Amino acid sequence: MELNGRVVVVTGGTRGVGAGIARSFLAAGAHVVVCARRPPERPVAVEGRAASYVALDLRDPAAVQDFFATLAGRHGHLDCLVNNAGGTPYRLLGEGEAQRHARVLELNLTAPMTASLAAYPWLREAHGSVVMIGSVSGTRPSPGTAAYGAAKAGLENLARSMAVEWAPDVRVNSLVLGMVRTELSHLHYGDAAGVAAVGATVPLGRLAEPSDVGDAAVFLASDRAAYVSGASLLVHGGGERPAFLDAATANKEN
């Protein structure tokens with residue numbers, strides 16, 4: 001899966017999952033550009049190779065257009081866009097007005113569409129690909145993060161539509177993530193004991209590492225996935241054990 005000479009953009013690539021994705025592409029030989037509103041605390045690097053950083057607010061369409069035009073002019077081509085930027089605070093629907101929830105939709109759905117449309121001319125020229133970073137929150141109820149779940153459901157559908165409209169020039173796929181261990185895991189799962197307890201609920205026995213996501217993204221961007229488009233690859237360690245299995249009184253092992 002060598003990507004030597006390929007140019008890859010990872011949005012939100014300065015920390016967490018995004019930084020893990022960027023490192024995987026660097027390890028595969030790609031030149032990586034990460035963009036976010038704030039710079040990384042330390043360079044995103046691996047094996048002596050570092051990603052370039054560009055400050056960018058993905059909610060500013062004009063700035064996004066300028067970013068991709070400048071990048072294409074500097075590098076001559078663009079081979080892959082990874083739409084990773086996103087996230088949400090925990091907020092029940094009744095605890096925030098519609099405008100607050102709409103901002104979550106803007107960041108997690110509208111911004112990836114804005115970036116994809118701005119990148120499309122150069123991706124088409126290079127016969128490149130788009131990788132959307134989705135979530136299992138878009139496939140099941142998402143209490144406390146309902147707007148985020150709705151956005152991720154929309155993102156997966158958007159990717160499938162893009163894959164049809166942009167074929168055969170640009171491939172578009174999604175990674176549907178479960179729980180990932182990052183430097184912010186404590187905000188969602190608590191202390192180390194809480195993270196371990198949550199990881200134990202996953203069939204594979206642990207949370208994903210950012211590198212697990214990165215390796216899957218590299219595969220989808222590589223020539224080994226040349227016939228993969230419109231696909232949703234689950235990266236969730238086997239998913240979630242159905243709660244009813246533990247609640248039922250039948251078929252219990254003694």
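**Ground rules.** I am working with a predicted model, where local features need pLDDT of at least 70, side-chain atom pairs count only at pLDDT 80 or more, and totals for chains, interfaces and linings use all residues. Residues are numbered from 1 along each chain as its sequence is written, and side-chain values use heavy atoms, with hydrogens and water left out.

**Strand 8.** I took helices (H or I, at least four residues) and strands (E, at least two) as DSSP runs, numbered from the N terminus. Is strand 8 mostly covered or uncovered? It is mostly covered, with 7 of its 7 residues buried. Buried means under 20% relative accessible area, exposed over 50%, and partly exposed in between (1.4 Å probe, protein chains only). In a regular strand the side chains alternate between the two faces of the sheet. Here I found Arg 171, Asn 173, Leu 175 and Leu 177 pointing one way. Val 172, Ser 174 and Val 176 point the other way.

**Its partners.** I looked up the pairing next; two strands pair if DSSP finds at least two bridges between them. Strand 7 (129–135) runs parallel to strand 8, with 7 bridges joining them. Val 131 stands opposite Asn 173 there. Strand 9 (residues 232–235) is also parallel to strand 8, through 4 bridges. Leu 177 has Val 235 as its bridge partner in strand 9.

I then traced the chain. Strand 7, helix 4 and strand 8 form a right-handed β-α-β unit. Right-handed means that, with the strands pointing away from the viewer, the path from the first strand over the helix to the second runs clockwise.

**Loops.** Between helix 4 and strand 8 I found Pro 168. A cis peptide bond joins Ala 167 to Pro 168, with omega about 0°. Glu 47 is not a glycine, yet its phi is positive, about 50°. Glu 47 counts as exposed because its relative accessibility is 69%. His 127 also has a positive phi of about 50°, and it sits in the loop between helix 3 and strand 7.

**Cavities.** How many cavities of 30 Å³ or more are there? I noted 3. A cavity is a set of points on a 1 Å grid over the protein atoms alone where a 1.4 Å probe fits but cannot get out; lining residues have an atom within 4 Å of a point. Grid points are joined across faces, edges and corners, and a volume is the space filled by probe spheres set on the points. The largest cavity has about 50 Å³. Its lining includes Thr 88, His 101 and Ala 146. Helix 3 (98–126) and helix 4 (146–165) each supply at least two lining residues.

Note on methods. 1 Å grid on protein atoms, 1.4 Å probe; cavity = no way out; pocket = protein on both sides within 12 Å on 5 of 7 lines; lining within 4 Å.
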